Amino acid sequence: MKYFLAALSAAAGALILLNPETVSGSVSSAVRDCLEVIVPSLFAFTVLAIWLQSSGLYRLLLRPITLPLSRLLRMDEELCAVIVLGNIGGYPVGAKLLSRLTAENRLSREDAGRLLCCCFGSGPSFVVGIVGVRIFNSAAVGMIIFAACFCSSLIIAAAVRFKGEISLKNSRSSFYFTAECFTDSVMSGARVMFTVCVMIAAFAVIFSILDILKITSAAGGLFSFIGAGELSESILPAFLEVTRVKALKPTAEWVMPLCAGLLSFGGICVHIQVMAVAMGIPLKSFILSRLPAALLSALLSLPALLLPQPATETLSPAAEARPFSASALISASVLIMCGILLAGRKDKNGPKKAEHEKFRRDY
């Protein structure tokens with residue numbers, strides 16, 4: 001295996017050196033998408049989800065949802081809050097929250113691995129704002145797709161709970177509203193964003209290599225053979241890196257359930273991000289749950305087909321190249337400032353107060 005990987009790496013390096021313009025163009029496009037789409041749509045929700053858990057407020061704020069949900073799933077309310085945050089905060093957030101609970105020895109790694117199956121979602125800001133509005137020109141479609149993905153996670157949660165009880169030790173603390181709690185939450189969210197953006201850029205290199213080798217077009221020919229039509233070459237990239245769903249066009253009714261399924265699956269790129277964030281949490285159950293979750297989401301999104309469909313000419317172009325905008329500059333500034341904070345925090349020496357230690361653990 002190591003010789004195969006070495007040869008594969010050498011071949012990839014050679015292709016990158018021989019096609020620098022193609023590769024650099026793909027990376028530039030990916031970075032622009034991260035700064036204009038990914039960071040604006042996910043950063044706020046990611047930081048909010050982590051801060052709500054760090055401060056303990058999620059036990060109070062989400063109680064109108066978690067109380068009936070805990071009765072339905074016969075699960076601890078706090079775990080139900082983690083499930084909710086994992087589905088609205090962005091893909092790696094669920095793994096981040098679960099890894100925090102395991103680091104505090106409140107949740108076993110085995111139970112965290114089971115919960116990860118249902119603490120996984122792209123968040124409403126991306127699904128509604130990008131998939132719904134940009135692809136289907138309808139926020140209502142985006143909300144139905146998000147609801148389908150969320151309900152799919154709840155069904156998976158019920159299946160996970162059916163296999164056995166999940167225990168969570170009580171927290172010794174109540175609520176914390178310190179400045180350091182908020183700062184650590186922002187920096188933790190920044191780490192998640194850095195991971196997401198860098199992985200998207202890395203997969204852009206992989207896509208450029210696949211294009212050079214004509215693998216994408218070959219896969220497109222296969223999908224075209226089974227009836228995918230002009231969308232055939234967009235399916236494989238979306239399967240590998242889920243933000244590529246924005247390149248899909250609503251040329252057929254099955255595009256809506258396809259988007260829901262791809263969003264629930266998450267893409268190989270996101271799976272690797274979860275592996276990096278999970279910090280030793282077993283991932284076997286999570287990997288096995290992705291295809292059933294995708295099928296459930298596709299089926300649950302079918303009501304979106306009943307909504308009036310906009311004319312094709314009125315749809316906003318999803319993949320159209322755009323100049324570097326003000327939102328990209330703002331996003332870049334956020335990442336740079338967070339990077340400076342992370343670097344400065346890493347260089348600080350001296351003892352830390354014991355009551356703040358829980359906020360820094362694993363973040």
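View 1. The model is predicted, so local features need pLDDT of at least 70 and side-chain atom pairs count only at pLDDT 80 or more, while totals for chains, interfaces and linings use all residues. Residues are numbered from 1 along each chain as its sequence is written, and side-chain values use heavy atoms, with hydrogens and water left out. There are 17 helices and 0 strands, taken as DSSP runs numbered from the N terminus (helices: H or I, at least four residues; strands: E, at least two). The accessible surface comes to about 17,200 Å², and 68% of that belongs to carbon and sulfur atoms (Shrake-Rupley method, 1.4 Å probe). Take the contacts with a separation of 6 or more: 79% of them join residues 24 or more positions apart, a contact being heavy atoms within 4.5 Å.

**View 2. Helix α2 against helix α10.** Two packed helices are described by the angle between their axes and the distance between the axes. Here the axes of α2 (residues 20-55) and α10 (residues 179-212) come within 7 Å and cross at roughly 155°. Axes are lines fitted to C-alpha atoms, for helices over the stretch in contact, with angles from 0 to 180 degrees between N-to-C directions. That crossing makes α2 roughly antiparallel to α10, the label for angles over 145 degrees. It's a right-handed crossing, meaning the near helix is turned clockwise from the far one by less than a right angle. The contact residues of α2 and α10 split into 24 nonpolar, 9 polar and no charged; nonpolar covers Ala, Val, Leu, Ile, Met, Phe, Trp, Tyr, Cys and Pro, charged covers Asp, Glu, Lys and Arg, and the others, Gly among them, are polar.

**View 3. Helix α13 against helix α15.** The axes of α13 (residues 255-265) and α15 (residues 284-300) come within 7 Å, crossing at roughly 150°. So α13 runs roughly antiparallel to α15, and the crossing is right-handed. On the α13 side, the contact is made by Pro257, Ala260, Gly261, Ser264 and Phe265; α15 brings Arg290, Leu291, Ala293, Ala294, Ser297 and Ala298. By class, that's 7 nonpolar, 3 polar and 1 charged.

**View 4. Zooming in on Leu291.** Leu291 sits in helix α15. Buried or exposed? Leu291 counts as exposed because its relative accessibility is 56%. Leu291 and Ser264 are 27 residues apart in sequence, with 8.5 Å from C-alpha to C-alpha.

Note on methods. Parallel < 35°, antiparallel > 145°, perpendicular 65-115°, else oblique. Buried < 20%, exposed > 50% of the residue type's maximum accessible area, 1.4 Å probe, protein only.
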